[in-house]
Amino acid sequence: MKSRFALALGFSLAVFTTGIVSAETVWLDDLNLSVASQGWGTPHKNQSVDGHALTIGGTKYERGFGTHAEGALHIKLDGGAQKFSASVGVDDEVNKNPDSSVEFIVRGDGKVLWTSGVMRAGEAAKACEADLTGIKALVLEVGDADDGINFDHADWADAKFETASAKTFATSGEAPMAPVAPYILTPSAPATPRINGANVFGVRPGSPFMFTIPATGERPMEFSAKNLPEGLKLDAQTGHITGALKTKGEFTVTLLAKNSLGTAEKKFRIVCGDQMALTPPMGWNSWNCFAGAVSAEHVKSAADAMVRSGLINHGWTYINVDDFWQNHRNSKDPTLHGEFRDAKGFIVPNSRFPDMKGLADYIHGLGLKAGLYSSPGPWTCGGCAASWQHEEQDAQTYAKWGFDYLKYDWCSYGDNNIFSHDTYAVNRPEADANTIKAIRPYQHMGEYLPKQNRDIVFSLCQYGMADVWKWGGSVQGNCWRTTGDITDTWRSMSSIGFRQDKAAPFAKPGNWNDPDMLIVGQVGWGNLHPTHLTPDEQYTHISLWCLLASPLLIGCDMTKFDDFTLNLLSNDEVLALDQDALGKEATCVLTEGNLKVYEKELEDGSRAFGFFNLGSAPINQDFKSLVQFGLAGNQHVRDLWRQKDVADVNAADGVLPLTIPAHGVVLYKLTAAK
Ligand code: GLA
């Protein structure tokens with residue numbers, strides 16, 4: 001424990017060296033820290049983010065702020081403080097984890113006043129001192145040192161201000177943005193029939209085939225299909241295609257949807273082979289709204305809402321249960337008490353999920369698919385029973401119940417030396433020890449899932465460790481998280497979304513990079529609130545995730561949709577970027593001040609461009625010289641959010657007018673004009 005004497009001495013020295021008699025010391029931990037934004041966990045007063053005594057490099061501190069990268073605490077000083085000081089570092093609770101690296105930054109009125117440089121676990125604290133004379137707006141930031149937020153537990157220990165007379169300061173989590181009321185850009189789908197969604201679908205021979213034709217337009221609607229291969233049948237009323245294909249092959253089908261106002265048709269490619277998820281999975285997951293409180297009733301209501309809201313008509317398919325469907329190791333909640341496994345070792349769901357097969361059947365009956373969650377260690381991230389040493393049985397159980405998707409979350413595999421007890425062989429002579437450790441549990445489950453008699457999408461959740469994008473496909477992964485958990489702040493969403501370039505070349509049909517789930521609508525991890533993202537930040541979020549060909553998993557309570565959120569999630573021209581059959585992920589092709597331009601190649605030869613404004617003031621600019629993106633001749637420009645054509649532009653000398661709101665986006669599709 002750092003002694004009180006040392007604290008007192010530090011304080012009087014500070015008074016002495018500044019030359020003025022500081023009337024007040026305002027401790028950071030006496031301000032409202034709960035509003036701080038951070039990439040994981042909750043802000044802690046006088047404790048680390050995990051709730052332990054603040055400890056850096058073996059030294060304990062009584063006071064301070066325990067947080068996590070990417071973090072920010074905005075403090076309104078209005079010139080009322082002279083100095084800030086703290087001892088900063090990674091909290092020892094991460095056990096010298098090599099993935100842990102952070103950078104502390106003190107920013108005053110937009111300028112960096114002090115930075116720690118990159119700090120790692122186990123290092124001694126650094127003394128932070130910043131002169132605050134005249135500073136109005138202060139931000140204490142914790143960056144992830146550009147390698148993701150895993151294990152970035154950051155402490156501002158002994159943190160305090162010297163002030164002349166101020167006794168406290170107001171805090172907030174984000175830079176205040178001018179309030180913008182939600183505004184809808186996209187016109188409603190027409191009453192005439194239109195078939196939406198991907199134009200390609202992968203299935204393995206013999207697996208149950210399940211596909212709902214996503215079509216908007218007035219009901220009743222009658223569905224039909226030309227050239228449907230043998231083994232499949234279509235329900236004309238619901239548009240559900242079911243059955244099974246016996247042999248591998250590619251079939252081009254024409255789907256038709258007819259109502260009293262007309263008929264729509266669309267070419268649809270069915271590829272029966274080894275691959276599923278030929279386009280990124282689209283659906284819902286329980287975590288970002290219900291977290292540890294999820295129940296079968298929540299999940300059924302979500303499935304009902306997916307249909308009732310009409311989202312099913314735009315290609316949204318999966319209804320995924322995250323953590324907490326199993327019994328818990330030590331929760332006080334009686335609904336989570338019970339045996340973990342039966343006498344034969346098969347997993348037993350908790351009392352909130354009395355009938356897992358019934359639940360999957362219910363979801364399938366609506367034309368949707370069902371997903372589940374587990375971990376390769378003994379416990380899930382939330383402390384429920386997981387798959388360690390029962391991998392094969394669990395894969396069999398999921399298939400028997402009828403689940404179509406598994407999210408497999410690392411967590412306790414990293415604890416208690418599980419790895420050294422894991423005898424599962426990994427034959428990867430080319431891989432280093434770290435990569436083998438990362439691969440092993442996923443290769444293990446990846447061996448059993450494909451042996452089941454149904455297609456189960458395999459979603460790897462290990463936050464990007466050991467560059468998962470390089471090997472995730474080789475362990476039968478269909479998608480893999482590239483980052484730590486997202487939260488509903490601009491800092492979290494933008495720092496994840498705009499840092500995906502290095503994984504991008506590895507995305508392809510069947511293998512997708514996953515920057516985590518969507519945070520629009522009513523989210524809150526068990527404590528629902530409207531997303532903290534502004535409307536423009538939400539347009540940015542959805543545009544960016546679609547450009548990135550990311551799995552799209554809605555994270556909100558779908559029974560509480562508002563018109564704005566529903567509109568955001570049902571723009572078929574925007575979703576078509578995500579679902580494009582070429583399967584390319586966008587990368588950043590230009591950064592100019594606060595403007596970032598992302599480009600995605602599309603199957604039809606056209607390209608999508610996201611013009612993003614990362615700044616907090618609008619951008620009004622005539623964008624010139626599209627030739628820098630390799631474009632030539634006249635380009636036809638479509639505004640995808642408004643679903644409206646903009647005047648054609650000549651790539652060499654034309655001008656693309658850009659009006660981009662703060663933290664907002666303009667999303668265009670450019671096609672060579674005929
Ligand atoms: C991890 C994952 C989250 C969620 C929780 C469940 O944090 O990254 O997406 O699944 O575990 O406990």
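**Entry 1: the ligand.** I am working with a predicted model. I began with aspartate 409, where a polar side-chain atom sits 2.9 Å from an oxygen atom of the ligand. Next I checked aspartate 323. An N or O atom of the aspartate 323 side chain is 2.7 Å from a ligand oxygen atom. I then looked up arginine 481, and found 3.1 Å between an N or O atom of its side chain and an oxygen atom of the ligand. How much of the ligand does the protein bury? On its own the ligand exposes 300 Å², and the protein buries 94% of that.

**Entry 2: the shell.** I listed the residues around the ligand and got 13. The closest are Asp322, Asp323, Lys407, Asp409 and Asp485. I sorted the shell by type: six residues are nonpolar, one is polar and six are charged.

Entry 3: I moved to strands β8 and β9. β8 covers residues 101–108 and β9 covers residues 111–120. They pair in the antiparallel sense, over seven bridges. Across the pair, I found valine 118 of β9 opposite glutamate 103. Two residues lie between the strands of this hairpin, and aspartate 109 takes a positive phi near 45° there.

**Entry 4: the domains.** Where are the domain bounds? I noted domain 1 at 12–172, domain 2 at 194–272, domain 3 at 283–578 and domain 4 at 587–672. In the contact between them, 17 residues of domain 2 meet 16 residues of domain 3.

How values were computed. Residues are numbered from 1 along each chain as its sequence is written. This is a predicted model: local features need pLDDT of at least 70, side-chain atom pairs count only at pLDDT 80 or more; totals for chains, interfaces and linings use all residues. Side-chain values use heavy atoms; hydrogens and water are left out. A residue is near a molecule or strand if one of its heavy atoms lies within 4 Å of it. A polar contact is a pair of N or O atoms within 3.5 Å; within protein, one must be able to donate a hydrogen and the other to accept it, and residues adjacent in sequence count only if both atoms are side-chain atoms. Accessible areas come from the Shrake-Rupley method with a 1.4 Å probe; for residues, only the protein chains shown count as cover. Ala, Val, Leu, Ile, Met, Phe, Trp, Tyr, Cys and Pro count as nonpolar, Asp, Glu, Lys and Arg as charged, and the others, Gly among them, as polar. Two strands pair if DSSP finds at least two bridges between them. Helices (H or I, at least four residues) and strands (E, at least two) are DSSP runs, numbered from the N terminus. Domain bounds come from an automatic or database domain assignment. Contact means heavy atoms within 4.5 Å.
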